[in-house]
Amino acid sequence: MLTIGKVIFKATDIIILFAACALTVWLYSIFWFDSTQHGEAETLLVQFADNPPTEYSLSEERVITVEGKIGSSLIEIKQGKARFIHSSCRNQFCVFHGWLSVSGDTAACLPNRISISLKGAFSDYDAIAGSQ
Amino acid sequence: MKLHFTTNHQDHRVALLAALAITIHIIESAFPSPLPGVKPGLANVITLFTFLRYGWQTALQVSLLRVFISSLVLGTFLSPTFLLSLSGALLSLSSLFLLQLPFRQFFLHQYQPSAIGYAVIASVTHMSGQFLVAWYFFIPHPGLFKLLPIFITFAVILGVVSGIITQLLINRIQQR
């Protein structure tokens, strides 16, 4: 029993309050301070046209050659990051995009109809809005 | 054609309490909120008071009337706001119902929490219910869960506040 002014906190109230505070602290610890939830990318998804994407692990350093609509694209995976290193297209936007490092990062080559994106347990972006 | 309704004492009581809850709900909705979804929830003082004094059936009627009528008045009927409000109200009332079940036993009766304990439980479950519905139906994205701790923090604080108000209200009425 704890009396503050006219208000009486019973023992059960204090237990409930304590449990509620513990729940809050626990929620902070899992949703805010869990390092595994940051935009740590785990795999690379490579997609050509409407085909289902192919998954590659980011831990393995390699260069992937993908045949697209107008030619081949070379994609490099290195130190948990990925990038286009060569593409048969004219503009080379995908190559100039540079490294993809965070989960949710995406690069695409529209003429060749190839897109790559990084996937992790959690993405750093909610949604991506763009303009053409 | 003339319709005749016979009303009893219980109906009058429900109508009076619901009218109070609706008024508080509507006044409260005029105030800006620091975070969408965070409201003082003073209308729940009435629900909680009804629950503690008249039992869960009356509280359920008052609570549903409040959700439906205030949404009609505010123009949010069947909108996401209404669904959130309804889910929160139903979940918090069911948790209140479950919480008081064991204390009906005579040997546990003395351990019955006061309004504050009930208010904290009601407030936290109200918030969780709303949050889960918002996450499941409207924003199904795991990033939303980063907001959950903040919401629950507010729920605990505002729950204590509304519990204290309810307790003072009950004390006041018992003195009469």
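Buried means under 20% relative accessible area, exposed over 50%, and partly exposed in between. By that cut-off Ala49(A), at 24% relative accessibility, counts as partly exposed. All views below show a predicted model.

**View 1. Two loop residues of chain A have a positive phi.** Ala49(A) is not a glycine, yet its phi is positive, at about 50°. Ala49(A) sits in the loop between β3 (43–48) and β4 (54–57) of chain A. Gln92(A), also not a glycine, has a positive phi of about 60°. Gln92(A) is placed in the loop between β7 (81–87) and α2 (93–96) of chain A. Most residues other than glycine have a negative phi.

View 2. Chain A contains 2 helices and 9 strands. Their order along the sequence is β-β-α-β-β-β-β-β-α-β-β. Chain A has 132 residues, of which 34% count as buried. Taking contacts in chain A between residues at least 6 apart in sequence, 34% join residues at least 24 apart.

**View 3. Chain A meets chain B.** In this interface 20 residues of chain A are in contact with 25 residues of chain B. The two chains bury about 2,000 Å² between them, and 73% of that area is on carbon and sulfur atoms. Val7(A), Ile16(A) and Phe31(A) supply 24% of the area that chain A buries against chain B, more than any other three residues. On the side of chain A that touches chain B, β2 (7–9) and α1 (11–31) each supply at least two residues. The most comes from α1(A), with 10 residues. By class, this side of chain A has 13 nonpolar, 3 polar and 4 charged residues.

**View 4. The largest nonpolar core draws on both chains.** This core has 32 residues, and those with the most contacts inside it are Leu96(B), Tyr118(B), Val120(B), Leu148(B) and Ile152(B). At least two residues each come from β2 and α1 of chain A and from α2 (43–54), α4 (80–100), α5 (115–138) and α6 (148–175) of chain B. Helix α5(B) gives the most to this core, with 8 residues. Leaving out residues up to four places away in sequence, Val120(B) touches Ile16(A), Leu17(A) and Ala20(A) in chain A, and Val156(B), Gly159(B) and Val160(B) in chain B. Another core, of 19 residues, lies apart from this one and includes Leu44(A), Val46(A), Val66(A) and Cys94(A). In soluble globular proteins, nonpolar side chains tend to be buried together.

View 5. Ser71(B) lies in helix α3 (residues 56–74) of chain B. Ser71(B) has a relative accessible area of 4%, and therefore counts as buried. Beyond its neighbours within four places in sequence, Ser71(B) is in contact with Arg66(B), Thr76(B), Phe77(B) and Phe82(B). Gln167(B) belongs to helix α6 of chain B. With a relative accessible area of 12%, Gln167(B) is also buried. Residues up to four places away in sequence aside, Gln167(B) touches Ser114(B) and Ala115(B).

**View 6. A salt bridge links two strands of chain A.** The structure holds 3 salt bridges over all chains. In one of them the side chains of Lys119(A) and Glu55(A) meet at 3.4 Å, N to O. Lys119(A) is in strand β9 (residues 114–119) and Glu55(A) in strand β4 of chain A, so the pair ties together parts that are 64 residues apart in sequence. Lys119(A) is partly exposed, with a relative accessible area of 37%. Glu55(A) is partly exposed as well, with a relative accessible area of 46%.

**View 7. Glu76(A) and Arg83(A) form a salt bridge.** Their side chains meet at 3.0 Å, N to O. Glu76(A) is buried, with a relative accessible area of 13%, whereas Arg83(A) is partly exposed, with a relative accessible area of 29%.

**View 8. Lys39(B) and Glu28(B) form a salt bridge in chain B.** The N to O distance between the side chains of this pair is 3.7 Å. Lys39(B) lies in the loop between α1 (9–29) and α2 of chain B and Glu28(B) in helix α1, so the pair ties together parts that are 11 residues apart in sequence. Lys39(B) counts as partly exposed at 34% relative accessibility, whereas Glu28(B), at 7%, counts as buried.

Key. Residues numbered from 1 in each chain as written. Chains lettered and ligands numbered in written order. Predicted model: local features only at pLDDT ≥ 70, side-chain atom pairs only at ≥ 80, totals over all residues. Heavy atoms only, no water. Contact = heavy atoms within 4.5 Å. Buried area = accessible area lost by both parts, 1.4 Å probe. Helix = DSSP H or I, 4+ residues; strand = E, 2+ residues; numbered from the N terminus. Nonpolar A, V, L, I, M, F, W, Y, C, P; charged D, E, K, R; others polar. Buried < 20%, exposed > 50% of the residue type's maximum accessible area, 1.4 Å probe, protein only. Core = buried A, V, L, I, M, F, W, Y, C linked by side-chain atoms within 4.5 Å. Salt bridge = Lys/Arg side-chain N within 4 Å of Asp/Glu carboxyl O.
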